[in-house]
Amino acid sequence: FAKRRLGKSFLVKEIFNNHLYEKTLFSHIDIYSVSNTKELYEKIKEGIADSLKGKESSLDKLQSMASSIQEYFGGSKITLKLSPRPSFEIEPTSKVYDEAIGEILESYFNYLEDKGLTAAIAIDEFQKIVSLKDNIKIEEVLRTAISKRKNCSFIFTGSRRSWLLSMFNSPDRPFYKLGLEHHLGSINEDVFYAWVLDNFKKKNIFIDKDAFSYLYSEANGETRFVQLISYKMFEEEEETSIISKDKVKMYIDDVIQGASSISAYYNMFPIVQQNALKIVSKQDGVNIYTEAIFQEFNIAKGSLQSAMNRLLESGAIYAHEDRYYLENVELGMWLKRV
């Protein structure tokens, strides 16, 4: 688990594409958009089908594979779907989709075992299951199926830390103590700086360490934003340029001022939550429940606590080591500038 835009998904894809044994099957399944059990099944089905296909592109071999795979997926119909990118279609005979999820996973594990294959499956934004109707039943089906896995490892990733920890650390939940926890933090600042410096050498550009530290701090270590600003500087600066802290600030200001979506996002929140967002952004995560803050922002302690709880529930803010942070770093920069 980690906040959004740190690179969880790309890290998993990098491992899958370049650091697994050659014959290991793999699939990265993103369930962020699902809103019901049928859509969850469709995502898992597509991931399994993509894993089975692997890098094979020969139509004859894929047709032969479809026939072979059918032996293990008795509860489903396997066909080869012809398109610019051929793929397997796995159609369940059961329309009870939570049961179909369990069946397709068990069939997949049996196929792996019989063929002497290994696999790795990543389910991204796994905490989305919590928001689905009958989520506990879905968790039970997944837990039962995964406990029977053969030659297959799973990675569950997500950005809602509290939801994920609740799924895996609550004794009354099906996934209780299944697996190991890992909090993915920001890329180390010195490592990130060295990487940016190395890329800037392609145009003989140099960025001062203090200037990069300012960028890293403003972005709260967020990979995507640091890369965005670095890319803009690389594209727009002349060869042999030296980038100072003031120049970095100019690039950040240009991005923040040009992002009309930030103010639209901010105005979606009720006034009391807008105040809470301002407090978090301008206090840099320190203790916000002080008399000075109550007076400065004209807000009662109870109202602020209620607003903070709502923002935590919605994922607009998150807590880490007794400090609060905005999920959207651009919003934080925008609030400091208005």
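**Exercise 1. State the accessible surface of the chain and the share that belongs to carbon and sulfur atoms.**

Solution. The accessible surface is about 18,100 Å². Carbon and sulfur atoms hold 49% of that surface. Areas come from the Shrake-Rupley method with a 1.4 Å probe; for residues, only the protein chains shown count as cover. The model is predicted: local features need pLDDT of at least 70, side-chain atom pairs count only at pLDDT 80 or more, and totals for chains, interfaces and linings use all residues. Residues are numbered from 1 along each chain as its sequence is written, and side-chain values use heavy atoms, with hydrogens and water left out.

**Exercise 2. Describe the chain as a whole: its elements, span and burial.**

Solution. Start with the elements: 15 helices and nine strands. These are DSSP runs numbered from the N terminus (helices: H or I, at least four residues; strands: E, at least two). Next, the span: the C-alpha trace covers about 65 × 55 × 30 Å along its principal axes. Then burial: 45% of the 338 residues count as buried. Buried means under 20% relative accessible area (1.4 Å probe, protein chains only).

**Exercise 3. Where is serine 87, and which residues does serine 87 contact beyond its neighbours within four places in sequence?**

Solution. Locate the residue: serine 87 is in strand 3 (residues 87-92). Check burial: the relative accessible area of serine 87 is 19%, so serine 87 is buried. List partners, leaving aside neighbours within four places in sequence: Lys53, Thr79, Leu80 and Lys81. Contact means heavy atoms within 4.5 Å.

**Exercise 4. Compare the reach of helix 12 with its expected span, then find what covers its buried residues.**

Solution. Helix 12 (residues 271-283) has 13 residues. The expected span is 1.5 Å times one less than the number of residues. From first C-alpha to last, helix 12 reaches 18 Å, close to the 18 Å expected. Its buried residues include Gln273, Leu277, Ile279 and Val280. Among the elements covering them are helix 11 (260-266), helix 14 (301-314) and strand 8 (317-320).

**Exercise 5. What lines the largest cavity, and which helix gives the most to the lining?**

Solution. A cavity is a set of points on a 1 Å grid over the protein atoms alone where a 1.4 Å probe fits but cannot get out; lining residues have an atom within 4 Å of a point. The largest cavity holds about 50 Å³. Its lining is Phe73, Gly75, Ser76, Pro92, Ala100, Glu103, Ile104 and Ser107. Helix 4 (residues 97-115) gives the most, with four residues.

How values were computed
Buried means under 20% relative accessible area, exposed over 50%, partly exposed in between (1.4 Å probe, protein chains only). On a 1 Å grid over the protein atoms alone, a cavity is a set of points where a 1.4 Å probe fits but cannot get out, and a pocket is an open set with protein on both sides within 12 Å along at least five of seven lines; lining residues have an atom within 4 Å of a point. Grid points are joined across faces, edges and corners, and a volume is the space filled by probe spheres set on the points.
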